[in-house]
Number of protein chains: 2
Amino acid sequence: MIEKLKNIAFFTSLSDNSLHELSAHIEPVKHKKGTIIIHADKVEPYFYVLEKGIARAYCEGENQQITFWFGQSGSVLFSFNSYINNRPGYENIELLENSSLLKIKLGDLFSLYEHNPEMANWGRKMAEQELIATERRLIDRAFKGAAERYQEFVAQSPELIKRVALKHIASYLGVTQVTLSRIRAASK
Amino acid sequence: MIEKLKNIAFFTSLSDNSLHELSAHIEPVKHKKGTIIIHADKVEPYFYVLEKGIARAYCEGENQQITFWFGQSGSVLFSFNSYINNRPGYENIELLENSSLLKIKLGDLFSLYEHNPEMANWGRKMAEQELIATERRLIDRAFKGAAERYQEFVAQSPELIKRVALKHIASYLGVTQVTLSRIRAASK
DNA sequence: CTCATTTTTTAACATTTGTAAAATGTTGCG
DNA sequence: CGCAACATTTTACAAATGTTAAAAAATGAG
């Protein structure tokens, strides 16, 4: 299990001692494509690391779902509001392929944060990395047109383009599927 | 100084001991309206808490500035990329009024994180709160039209509407100033 | 207070994106 | 295979937002 963790970017900075403590609380699980592992409007008590597979986070709108995040191998999956505020979250997380995950109870993770400063700093850095990535996306959306955002998405996430339905990518990019089709047609 | 810190929401959870340690590294400063306290493309070595005043963070585009964040009393101001990755940042932070701030050297803050677990958890929670707020804005932008975003901004930030130029609010909301004017005209 | 500067609003027109519906393409299962 | 379900593209039209320019209003320095 420790060797598994060492292969995941988020965990490479941890000492063997912390990895050992952490691994005692980890349970590997597998789920099929289509499984919703995080549900909106629920306090979700688990934190997952995606070992293999693809996932998306989305919110349910009136007549549409809006995908705002994709996860790949090495991504961490959790309900932000459950993790941060112990309140029901706003996002669903769906596995888009049959996937392998590592599962940790939030309570166990928080205990580690309280008594192991290295883990507390790990949690801080994880939140910071997610923060800077999220803010970049917010800014990018303001500066760049939909076409440019699509080109960058293709360049940065070639795997996702191949494996994820375009309707999800369209909503991730903040346009309708019709607009994405037009962009793709124009760039041939 | 400790009493000052206790009045700031971010610091209310800290023990007197941590507040004491922290306050040894804090320098109160005042700056005039228009001062840029965080510069893009520079590693900014200070972390600020806004005691009194208003600030905005913006990125410089080709023929426009895009404001993507406002700070008020109690907000924390820092270059995300300097703080998180020790790299030059992408944002400028400008004081929109004469302001009082508390100034802390990043290096001092990081030392506290390393040897004081309570401070490490404080840093974690701060990043988490910024993260959840940023993600909510990203999602809101996808779900809500510009008019609705404006109404919510008015409801949630009545102070900012009074004190901040509409051109900055327009770019914060992701529309041109002309569009914001139309929205305001329609909602009378 | 007055003038110069900046901010905000309004107008006319262009462009982008959205909506709805039909056509085409793809996938998986019996 | 062949059908059914789902995904993607295309078309025609509608709505929202952008661009440019000018007028009106507000602000601030002297």
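Predicted model: local features only at pLDDT ≥ 70, side-chain atom pairs only at ≥ 80, totals over all residues.
Chain B can be superposed on chain A with an RMSD of 0.0 Å by a turn of 180° and a shift of 0.0 Å along the axis, which is the relation of a two-fold axis.

**Chain pairing and symmetry**

- Between the two chains, 26 residues of chain B are in contact with 26 residues of chain A, and the elements of chain B that give two or more residues to this side are strand 5, helix 3 (80-85) and helix 5 (117-143).
- Helix 5 of chain B gives the most to the side that touches chain A, with 17 residues, and the residues of that side divide by class into 15 nonpolar, 6 polar and 5 charged.
- Two copies of a chain are related by a rotation about an axis and a shift along it.
- Of the residues of chain B, Arg124(B) comes closest to the rotation axis, with its C-alpha at 1.9 Å, and the same surface serves both copies, since 100% of the contact residues of chain B recur in chain A.

**Surface near DNA strand D**

- DNA strand D is surrounded by 14 residues, of which the closest are Leu166(A), Ser181(A), Ala185(A), Val178(B) and Thr179(B).
- Two or more residues of this surface come from each of helix 8 (166-173) and helix 9 (177-186) of chain A and from helix 9 (177-186) of chain B, with helix 9 of chain A supplying the largest share, 5 residues.
- By class, the surface near DNA strand D consists of 7 nonpolar, 5 polar and 2 charged residues.

**Surface near DNA strand C**

- Around DNA strand C there are 14 residues, among which Val178(A), Thr179(A), Leu166(B), Ser181(B) and Ala185(B) come nearest.
- The elements that give two or more residues here are helix 9 of chain A together with helix 8 and helix 9 of chain B, and the largest share, 5 residues, comes from helix 9 of chain B.
- The residues near DNA strand C divide into 7 nonpolar, 5 polar and 2 charged.

**A sheet of chain B and the helices against it**

- In chain B, 4 strands form an open sheet with antiparallel pairing, in the order 2-7-4-5, and its edge strands, each pairing on one side only, are strand 2 (36-38) and strand 5 (65-71).
- Neighbouring strands of this sheet are turned against each other by 35° on average, direction ignored.
- Within the sheet of chain B, strand 4 (residues 55-60) and strand 7 (residues 92-95) run antiparallel and are joined by 4 bridges, and Arg56(B) stands opposite Glu94(B) of strand 7.
- From the other chain, helix 5 (residues 117-143) of chain A packs on the sheet, where this helix touches strand 4 and strand 5 of chain B and makes about 145° with the direction of strand 5.
- Helix 8 (residues 166-173) of chain B also lies across strand 4 and strand 5 of chain B, running at about 95° to strand 5.

**Annotated span of chain A**

- An unreviewed UniProt entry places the feature "domain: Cyclic nucleotide-binding" at residues 10-104 of chain A.
- In the model, the end C-alpha atoms of residues 10-104 of chain A lie 15 Å apart, and the span is 15% helix and 43% strand.

Technical notes: Residues numbered from 1 in each chain as written. Chains lettered and ligands numbered in written order. Near = placed C-beta within 6 Å. Nonpolar A, V, L, I, M, F, W, Y, C, P; charged D, E, K, R; others polar. Pairing = 2+ DSSP bridges. Axes fitted to C-alpha atoms, helices over the stretch in contact; angles between N-to-C directions. Contact = placed C-beta atoms within 7 Å. Least-squares fit on C-alpha atoms with pLDDT ≥ 70 in both. UniProt positions renumbered as here; feature names shortened; annotations may be inferred.
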